[in-house]
Amino acid sequence: IYMWLGERKWDLGPNGAMALNHLKKESNKLGVAPGSLIDLLEKCLSNEPSERPLTALMVAESLKDIYREVTGVEFPLPDPPEIDPSTSSSTAGPGRSSLVDGMKLEDPRELVKRLPMLLDVLSMDVDSLIPEVRNPPDTFTDDLHVYLFLEDILKKVAAVEVNEKVMRNLTIILKKKAWLLFDSGDPDGSIESHREAVSAIEELILWHGQDDLWRDLASNYTDMAFCQNHLGRLDAAEKNIKRAMEAMKNMPEKHKGGKYYYDFQNVMGTAAIIQARLEKFDLATESFHKARKMLDLIPEPLNTDNKVIAAKGHTEFNIATHYDKTGKHEKAVVHFKNALEFQTSIEGLDKPNEQVFLATICLNLAIGLAQLAKYDQALKIFQRAEGIYDSQLKISRHPYIVRKYAHFLRNFGFFYNERENPGKAKELASRSLELMLEIFEKHGSIEFAQLIAVLYQDLASYEEQLGNTEISKKYIGLAEHYNSWTS
C-alpha cells in the first residue's frame, strides 16, 4: 500500500483495512490501484485465516503477476549488490556482508571460530552483523533474523561441547532478542527469552565459577520485571525485581565498578516503579532515593560521562513524578528542578529525544509551580518548553515530536484557563488540534483520534465560556465523531 501510494497514509496494524481504502478512492502517483492488487491485499487482511495466502512466497508470486499486468514487462530480479568490506561504514571488520547469508553451516562451530575475527565477541554488536543493502538495520524482521540465526548456531555448539565463551555470547544474544521482541509488541516472547538467558547465566555462575555475571543475571531479572509490570503482572514483577536485587548484592567486590552502580540504580528504579504501582509508597520513595544515590557512587572519570548525567536527570525526574502523584508538590518541584539542571548540563544536548525530554521536564516543573501558585515562574518555564518544541518542529515533524508538542500545548491551555483566560486557552488548544489533525491524516491511529476528541471537548468548553454556544455544540459533535471512530 505504501509503495503504491508513494506515501504512508496510515500506520498499519489495526488500521490496515482503512489504509487499503486509499487504493480504491484516492488519486496518487500510479492512479487507482488495479482490482487484482486490491483483491490480494483484502485476502491478506481477512479476519478469516483460511482466506489469507498461506505463505509470503504466494504473495510475492501474485505481486509479480500484478506487476506484469500493470507494466507489461516481467518483474526484474537483480542480484543484490556486492559490498566491498573495505568501504563499509561498519566497524565490525571485513567479511561483514557475508557472515549470515554466506556462512556454510556443515559445522556450526566454524561460525563461532570466525566470530573473534569479525568483532569483539564479549560486546557482541549483533546489529552490525546485518548485511547492508539486503537487510536495512532499521527493520525488526531483519534484526530478528540475525538474532535467531546466531542463537540457533550457539545452541548447537553448546549442545555438543561445554564452551563458556559460547554460553556467554548466547546469554547476550537472548537478551538482545528479548528487547527486540518487546519493542515489536511481544512482551511475553521477551519474558521467555530473558528466562532462557537467566538459566544460562545461572549455570555459568554455579557450575563454571563465572562470578562476574551476577550483574548480568540481575539485568535479565530486571528486564523480566519491567515486561511483567508493562503487562500488569505486578506480583510476578515484584518477585523478579527482588531476585535482581539479591543478584546485585551477590556481586563480588572485585567486580564492582562504575557499570555495577549504574546497573544497580536501574534495578532500584524499576523496583520503585513496581512498588508505587502496588501502592507501597513509602517503600517506593526509599527505592527511588537509593537509585539516585547509586549514581553518586560511580567513580571518576565515569561519573561525568553524559550517560551517567542523563541517568541522574531521569532518576530525579522519576522521584519528582512520584512525589507529584503522592501529593507532595513542593518536593516534586525540587526534584524537577534537579532533573532540569542535570539534563541541561549534558554536553552536546542536540538529539531530538534529549530535547523532547528536556521539554517534558519543563512541562512538569511548570505544572508543579502552578500548583504552588507560583504563576510567574510557571509561565517562564512553560514558555521555555514552547521554545524547545518550536525549534524541534523546524527540524523534524516526526509524529512523536508533534504528538508531544500537542500534549504540551493542551496543558499550557489549562494553565491559561485556570488563570481565567479562556481566549488564550482556546488559541493553544486550537494549535494543539491543528498538529494532531496533521499527524492523524498521515499516520491515523486510535491514540491520535482519542486525543483529537479530547481537544474538541476542550475547545467546546472554552467556546462555551466565551459565549459561543453554537460553536461549542459543533465541537461537541466533532468530539463524538472521533470518539465513535475509536470504538
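Why does leucine 231 count as partly exposed?

Figure 1. Leucine 231 counts as partly exposed because its relative accessibility is 31%, where buried means under 20% relative accessible area, exposed means over 50% and partly exposed covers the range in between (1.4 Å probe, protein chains only). This is a predicted model, in which local features need pLDDT of at least 70 and side-chain atom pairs count only at pLDDT 80 or more, whereas totals for chains, interfaces and linings use all residues. Residues are numbered from 1 along each chain as its sequence is written, and side-chain values use heavy atoms, with hydrogens and water left out. When its neighbours within four places in sequence are set aside, leucine 231 is in contact with Pro187, Asp188 and Ile191, contact meaning heavy atoms within 4.5 Å. Leucine 231 and aspartate 188 are separated by 43 residues in sequence, and their C-alpha atoms are 8.7 Å apart in space. As context for this view, the chain has 20 helices and 0 strands; helices (H or I, at least four residues) and strands (E, at least two) are DSSP runs numbered from the N terminus. Of its 487 residues, 45% count as buried, and among contacts between residues at least 6 apart in sequence, 58% join residues at least 24 apart.

Figure 2. The structure holds 22 aromatic pairs, a pair being two rings of Phe, Tyr or Trp (its six-membered ring) with centres within 6.5 Å, and planes under 30 degrees apart count as stacked, over 60 as edge-to-face and the rest as tilted. The ring centres of tryptophan 179 and phenylalanine 226 are 5.6 Å apart and their planes stand at 50°, so the pair is tilted. Tryptophan 179 counts as partly exposed at 27% relative accessibility, and phenylalanine 226 counts as partly exposed at 36%.

**Figure 3. The pair of phenylalanine 408 and phenylalanine 412, and the aromatic cluster that includes both.** With centres 5.6 Å apart and planes at 45°, the rings of phenylalanine 408 and phenylalanine 412 form a tilted pair. Because they are 4 residues apart in helix α17 (residues 399-418), about one helical turn separates them, and both residues are buried. One aromatic cluster is formed by Tyr375, Phe382, Tyr389, Tyr405, Phe408, Phe412, Phe415 and Tyr416. The charged end of arginine 419 sits over the ring of tyrosine 375, 3.7 Å from the ring centre, and lysine 424 lies over the face of tyrosine 416, 5.7 Å from that ring's centre; a charge sits over a ring if NZ of Lys or CZ of Arg is within 6 Å of the ring centre and within 35 degrees of the ring normal.

**Figure 4. Packing of helix α13 (residues 306-325) with helix α11 (residues 258-277) and with helix α14 (residues 329-344).** Two packed helices are described by the angle and the distance between their axes. Here axes are lines fitted to C-alpha atoms, for helices over the stretch in contact, with angles from 0 to 180 degrees between N-to-C directions. The axes of α11 and α13 come within 12 Å and cross at roughly 15°, and the two helices are therefore roughly parallel; angles under 35 degrees count as roughly parallel, over 145 as roughly antiparallel, 65 to 115 as roughly perpendicular and the rest as oblique. Tyr262, Gln265 and Ala276 of α11 meet Lys307, Val308, Ala311, Thr315 and His322 of α13. The axes of α13 and α14 come within 8 Å and cross at roughly 165°, and these helices are therefore roughly antiparallel. Residues in that contact include Phe317 and Tyr323 of α13 and His335, Phe336 and Phe342 of α14.

**Figure 5. Backbone geometry at glutamate 279, proline 301 and alanine 373.** Most residues other than glycine have a negative phi, and most peptide bonds are trans. Glutamate 279, in the loop between α11 and α12, has a positive phi of about 65° although it is not a glycine, and counts as exposed at 61% relative accessibility. Alanine 373, in the loop between α15 (352-371) and α16 (375-395), also has a positive phi of about 65° and counts as partly exposed at 46%. Glutamate 300 and proline 301 are joined by a cis peptide bond with omega about 0°, and proline 301 lies in the loop between α12 (281-296) and α13.
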